[in-house]
Structures are given as structure tokens and as C-alpha cells.
Amino acid sequence: MVDLERELKTAMRTGKVIIGSKRTLKAVMFGKAKLIIIASNCPEHIKNDLIYYAKISGTPYYIFPGTSWELGSLCGKPFMVASLAIIDPGESDIMALVESQKRQMR
């Protein structure tokens, strides 16, 4: 099982992560995102847009089970983070999160 907190912190430190729904949506639309993480309480219209464009572009997404406050805290930010995009995972193994999710769905 992947430790999301540790892997996200590693990705923030060593890779490239975009925070914010507008920037995340733009990264997905242009095909730059490798993974999208969406907070469970993300506004419905934003969540639907992100998932729609993720499916079109073939970008994997993960619904974070916590709130946007908790996701912001994991990112080391003092504010809410409704969604984020992993552009470059760096030294983290955060992409394994998607693999473990696919295995659970089978």
C-alpha cells in the first residue's frame, strides 16, 4: 500500500506539482498532468470537469478520501486544496497509487 502523505510530500519536494483547480484543469486539458488528486469535498462542477477531461486525455485520477483542508495540510499549505496535478513525480512513487487503485477495482 502506498503512503499518500509521504509520497505527496516527496513529489512536492523533488518533482513538479500544480496546486489549484483552474491550473489543474488547464494541465489536464493540455495533457501535461500525469496524475490528478481531487479532494472528496471538491465542488461538484469542478470535480465533474476534472474527471471528464481526465478521461478524455487518459490521465489517471484519484479521489482523496479527506477534505480539501486535509489535502492542503498534506501539501504543507495553510489553505484548502481542492485539486492538484502531478506533472513530474520526481523521486516519489506516487504513480503506484493509481496502480494499487486499479488492482482494487478488478
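User: Where does Asp49 lie, and what makes Asp49 partly exposed rather than buried?

Analyst: In this predicted model, Asp49 lies in helix 3, residues 44–57. Its relative accessibility is 36%. Buried means under 20%, and exposed means over 50%. The value for Asp49 falls in between, so Asp49 counts as partly exposed.

User: How far is Asp49 from Leu25, in sequence and in space?

Analyst: The two are 24 residues apart in sequence. Their C-alpha atoms are 7.7 Å apart.

User: Why is Thr24 called buried?

Analyst: Thr24 has a relative accessible area of 0%. The cut-off for buried is under 20%, so Thr24 is buried. Thr24 is found in helix 2, residues 21–29.

User: Which residues does Thr24 touch, leaving out those up to four places away in sequence?

Analyst: Thr24 touches Ile18, Ile36, Leu50, Ser83, Leu84 and Ala85. Contact here means heavy atoms within 4.5 Å.

User: How do you know whether Ala39 is buried or exposed?

Analyst: Ala39 is found in strand 2. Its relative accessibility is 0%. Buried means under 20%, so Ala39 counts as buried. Beyond its neighbours up to four places away, Ala39 touches Lys47, Phe64, Gly66, Thr67, Ser68, Leu71, Val81 and Ala82. Ala39 and Leu84 are 45 residues apart along the chain, with 8.9 Å between their C-alpha atoms.

User: And Asp3: what is its class, and where is its place?

Analyst: The place of Asp3 is in the segment before helix 1. Its relative accessibility is 38%. From Asp3 to Ile46 the C-alpha distance is 26 Å, with 43 residues of sequence separation.

User: What makes a set of residues a nonpolar core, and which members of the largest one touch the most others?

Analyst: The members must be buried, of the nonpolar types, and joined through side-chain atoms within 4.5 Å. The largest core has 19 residues. Leu4, Leu8, Ile37, Leu71, Leu84 and Ile86 touch the most other members.

User: Which elements give two or more residues to this core?

Analyst: Among the helices, helix 1 (4–14), helix 4 (68–74) and helix 5 (96–105) do. Strand 1 (16–19), strand 2 (35–39), strand 3 (61–64) and strand 4 (83–88) do as well.

User: What does Leu4 contact, leaving aside neighbours within four places in sequence?

Analyst: Leu4 is in contact with Ile37, Tyr62, Phe64, Leu74, Ile94 and Leu97.

User: In what order do the elements of the protein chain run?

Analyst: From the N terminus on, the order is α-β-α-β-α-β-α-β-α. That is five helices and four strands.

User: Why is the chain called as compact as a globular protein of that length?

Analyst: The radius of gyration is 12 Å. The globule rule gives 13 Å for 106 residues. The two values are close, so the chain is as compact as a globular protein of that length. The C-alpha atoms fill a box of roughly 35 × 30 × 25 Å along the principal axes.

User: What share of the residues is buried, and what share of the contacts joins residues at least 24 apart?

Analyst: Buried residues make up 44% of the 106. Among contacts between residues at least 6 apart in sequence, 77% join residues at least 24 apart.

Conventions
Residues numbered from 1 in each chain as written. Predicted model: local features only at pLDDT ≥ 70, side-chain atom pairs only at ≥ 80, totals over all residues. Heavy atoms only, no water. Rg over C-alpha atoms; globule rule 2.2 N^0.38 Å. Buried < 20%, exposed > 50% of the residue type's maximum accessible area, 1.4 Å probe, protein only.
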